[in-house]
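Okay, thanks everyone, let me put the model up.

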Amino acid sequence: MAIQRRSGAAVLRRRVTTYAVATDVVVALGIGLIISSVVGWIVFAVGLVVAAVIYYNFTQVMKTRGYS
């Protein structure tokens, strides 16, 4: 198996997904500390769903355009 260069689209997908998850963690922790830990966990779960949708959409666009 040959080593392949990472495509720009794959790097972008990973970067956007990483930023979405990192933002989710920071916001959920902040809300958990300020308001309530239960609300923080709910925001965290919703944020993970949003990050998964972003990742799925990037994957579909990459397949449609022939990047993967």
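So, Trp41 and Phe44 sit three residues apart in helix α2 (residues 37–65), which puts about one helical turn between them. Helices here are DSSP runs of H or I, at least four residues, numbered from the N terminus. Keep in mind this is a predicted model: local features need pLDDT of at least 70, side-chain atom pairs count only at pLDDT 80 or more, and totals for chains, interfaces and linings use all residues. Residues are numbered from 1 along each chain as its sequence is written, and side-chain values use heavy atoms, with hydrogens and water left out.

How many aromatic pairs do we get? Taking rings of Phe, Tyr and Trp (its six-membered ring) with centres within 6.5 Å, the count is one. The ring centres of Trp41 and Phe44 are 5.9 Å apart with planes at 85°, so they're edge-to-face; that label needs over 60 degrees, while under 30 is stacked and the rest tilted.

Buried or exposed? Trp41 is exposed at 60% relative accessible area, and Phe44 is partly exposed at 24%. Buried means under 20%, exposed over 50%, partly exposed in between, with a 1.4 Å probe and protein chains only.

Over in helix α1 (residues 8–34), we have Val25, partly exposed at 32%. Thr17 is in helix α1 too, but that one is buried, at 15%. Leaving aside residues up to four places away in sequence, Thr17 touches Ala51 and Tyr55, contact being heavy atoms within 4.5 Å.

Last, the nonpolar surface patch: Val21, Val25, Leu29 and Leu48, together about 290 Å² of accessible area, by Shrake-Rupley with a 1.4 Å probe, only the protein chains shown counting as cover. Helix α1 gives the most, three residues.

Technical notes:
Helices (H or I, at least four residues) and strands (E, at least two) are DSSP runs, numbered from the N terminus. Patches are made of residues with over 30% relative accessible area and no salt bridge: like charges are joined within 9 Å, nonpolar side chains (Val, Leu, Ile, Met, Phe, Trp, Tyr) within 5 Å. A salt bridge is a side-chain nitrogen of Lys or Arg within 4 Å of a carboxyl oxygen of Asp or Glu.
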